[in-house]
Amino acid sequence: MSSAATPKGERRRQALVASAAELLLEGGFDAVRHRAVATRADLPLASTTYYFDSLDDLIACAVELNGNADMEAMRARVAAVTQRRRGADSTVELLVELLLGDEEKRPESRERLISRYERFVACARHPALRDVQLRLRAQLDDLLTDALRRSGRTAPEGQLRRLVAMVDGAMITALGEYDPDPRGLARGMLLESIDVMAPPVV
């Protein structure tokens, strides 16, 4: 058994992933460097190359850790959604909370959003991230479908993707322009189209 496969090795490996995930949220992909990760994890510099094939490999693990944390928070929120018929306003509020986070409960959500959209763009440059992104996207689709079902609504896959793309586009624009209310922009766009893209079940 190699030392990387021992319990101590696994703990060190996870510490490096957690440190890289924190750096991603704080400073984006440029912040994740071998020395910065090792320093944050309080481990020798050589540990990053010992436990990971490359920096891209480490980054992919960190992206998945952050993405899974987002999915777990969303999963818990969807599980708490009561089964009832919701109007456009309350459905949109639910979708905004799920897609963009609860700003009051998670004050760091703006940084998480920036990190999320950086991840989308990075997938085009880092092939190692594509599989991670596809897995996270499949989970997101399932959770949103469940949330809409609990709200007495339905959205075909194509329409669901359009709803999410609409929010993504609004957020990228708002974050890039330092809009003080990016959620308001997304909320307004969803209100205009929710009854068409995710109509109430008759």
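The model is predicted, so local features need pLDDT of at least 70 and side-chain atom pairs count only at pLDDT 80 or more, while totals for chains, interfaces and linings use all residues. Residues are numbered from 1 along each chain as its sequence is written, and side-chain values use heavy atoms, with hydrogens and water left out. The protein chain has nine helices and zero strands; helices (H or I, at least four residues) and strands (E, at least two) are DSSP runs numbered from the N terminus.

**Overall layout**

- Along the sequence, the pattern of the protein chain is α-α-α-α-α-α-α-α-α.
- A box of roughly 60 × 40 × 30 Å, taken along the principal axes, is filled by the C-alpha atoms of the protein chain.
- Of the 202 residues in the protein chain, 43% are buried. Buried means under 20% relative accessible area, exposed over 50%, and partly exposed in between, with a 1.4 Å probe and protein chains only.

- Helix 4 covers residues 55–79, and its 25 residues should span 36 Å at 1.5 Å a residue; the end C-alpha atoms are 36 Å apart, which agrees. The expected span of a helix is 1.5 Å times one less than its number of residues.
- Buried residues of helix 4 include L55, L58, I59, V63, M71, M74 and V78. N66, G67 and D70 are also among the buried residues of this helix.
- The 13 residues of helix 5 should span 18 Å at 1.5 Å a residue, and the end C-alpha atoms are 18 Å apart, which agrees.
- In helix 5, the buried residues are T91, V92, L94, L95, V96, L98, L99 and L100.

**Nonpolar core**

- In soluble globular proteins, nonpolar side chains tend to be buried together.
- The largest nonpolar core here has 56 residues, and those with the most contacts inside it are V32, L100, L129, L144 and M171. Such a core is a set of buried Ala, Val, Leu, Ile, Met, Phe, Trp, Tyr and Cys residues joined through side-chain atoms within 4.5 Å.

**Second largest pocket**

- The volume of the second largest pocket is about 170 Å³. On a 1 Å grid over the protein atoms alone, a pocket is an open set of points where a 1.4 Å probe fits, with protein on both sides within 12 Å along at least five of seven lines; lining residues have an atom within 4 Å of a point. Grid points are joined across faces, edges and corners, and the volume is the space filled by probe spheres set on the points.
- The second largest pocket is lined by 14 residues, with R116, R119, F120, Q133 and L140 nearest its centre.
- At least two lining residues of the second largest pocket come from each of helix 4, helix 6 (109–122), helix 7 (127–150) and helix 8 (157–176).
- This lining has seven nonpolar, two polar and five charged residues. Ala, Val, Leu, Ile, Met, Phe, Trp, Tyr, Cys and Pro count as nonpolar, Asp, Glu, Lys and Arg as charged, and the others, Gly among them, as polar.

**Cysteines**

- Zero disulfides are found in a search of the whole structure; a disulfide is a pair of cysteine sulfur atoms within 2.5 Å.
- The sulfur of C61 has its closest cysteine sulfur in C123, 14 Å away and too far for a bond.
- C123 is buried, with a relative accessible area of 9%.

**Selected residues**

- D42 is in the loop between helix 2 (34–41) and helix 3 (47–51). Although D42 is not a glycine, it has a positive phi of about 60°; D42 is exposed, with a relative accessible area of 69%.
- Y51 is in helix 3 and is buried, with a relative accessible area of 12%. The C-alpha atoms of Y51 and G158 are separated by 40 Å, and these residues are 107 residues apart along the chain.
- G188 lies in helix 9 (residues 182–197) and is partly exposed, with a relative accessible area of 30%. A separation of 9.8 Å lies between the C-alpha atoms of G188 and A170, 18 residues apart along the chain.
- G27 lies in helix 1 and is partly exposed, with a relative accessible area of 44%.
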